[in-house]
Amino acid sequence: MNKQKILVIEDNQEVRENLEEILELSGYEVHLAEDGTVGVDAAQRVKPDLILCDVMMPKLDGFGVLNILGKRPETAAIPFVFLTAKTERVDFRRGMNLGADDYITKPFFKDELLAVIETRLKKSEHLRKQFDRTEQGITAFINAAKGYEELKKLSDNRKIKHYKKRDLVYEEGDYPRYLYFVKSGKVKVFKTNESGKEYIIDIYTEGDFIGYVDLIKDSTYDDSAAALEDAEVSLIPKEDFTALLHANRDVSSQLIKMLANNIAEKEEQLLQLAYNSVRKRVADAVLLLAEKEGKDEINVLRDDLARIVGTAKESVIRMLTEFKQDGYIDITDGMITIRDKKKLMNMPA
């Protein structure tokens, strides 16, 4: 079993060696840095499970180290514990505002040191595990987050709202009050131009989050969302979302991973739908919807398919008819069944 790695950033050699001895005897793999600049480099190289860092150091103090590492994706989620001889409230507050997980005041007791390390490692490990993008997974994630003192007040009961087909979830220009999580069904996100023409930006299905960009920006929605079919949506209050995002680095790191799931794929799909030929865009849209359904059959209104593709309904119908004649799909009572996925995937742009 691999040992957990701890990086000690401490300019006092005696304290540094003392910490090394205690931690190694307790079964940890220890890495040492004699000042803040060396510590920043070591953190990026070693990828420790936890960092112990002195506050007052030459060249770069502990606050500077935390500020730098907190802005880098590869080190932002590492638990960070300050070692300090200072007890003034302003120093504690400054560290917590920067994202420190805990403080150990020098001189310290061995048991106190090990207890803080063990607690922080356990909490970090618990939050770093993968949570299913289901209602149960979201509940498990929020319950795990409640293990942190600053997040104990998270709501226990999230509202689950039922939307009928075409019901608005939110409207362009509204101010965000919730993070939306699709429990079942499908929700379309769309924009409407000055002439009232609707263009579907994306379709979200079970396990997807909606509306988080505008929550993070703290601005009104620049698009609208509506049920594409009957759907159940879990509403996570804005206050809970803000607490999860900002109160603790472990929690926010996990939340961001959950929010950003497949975002690169969605960007690629949008680019393809925007710049390819109508024929290719219709093929890609059919494949995209089938992927979201998890099967080779889709039942979608031709108007909605046209809005996804960004073309006229008549053009979509013509392309679907051609696909059927070519043997790529079947159409029965409006249901589209994919017969030759490879040909659709390799449709010339």
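This report walks through some strands of a predicted model and how they pair.

## Ground rules

Residue numbers start from 1 along each chain as its sequence is written, and side-chain values use heavy atoms, with hydrogens and water left out. Because the model is predicted, local features need pLDDT of at least 70 and side-chain atom pairs count only at pLDDT 80 or more, while totals for chains, interfaces and linings use all residues.

Strands here are DSSP runs of E, at least two residues in length, numbered from the N terminus. Two of them pair if DSSP finds at least two bridges between them. In general, strands of a sheet pair through backbone hydrogen bonds, either parallel or antiparallel.

Let's start with S4, which covers residues 80-84. Five of its five residues are buried (under 20% relative accessible area, with a 1.4 Å probe and protein chains only). One side carries Phe80, Phe82 and Thr84, the other Val81 and Leu83, and both faces are covered.

S4 runs parallel to S3 (residues 50-54), with four bridges joining the two; here Asp54 stands opposite Leu83. Four bridges also tie S4 to S5 (residues 102-105), again in parallel, and Val81 sits opposite Asp102 there.

## The antiparallel open sheet

Now for an open sheet of four strands: its order is S6-S13-S8-S11, and the pairing is antiparallel. At the edges lie S6 (159-163) and S11 (209-210), each pairing on one side only.

S6 meets S13 (residues 231-237) over five bridges in the antiparallel sense. In that pair, Ile160 stands opposite Ser234 of S13.

Notes:
Buried < 20%, exposed > 50% of the residue type's maximum accessible area, 1.4 Å probe, protein only.
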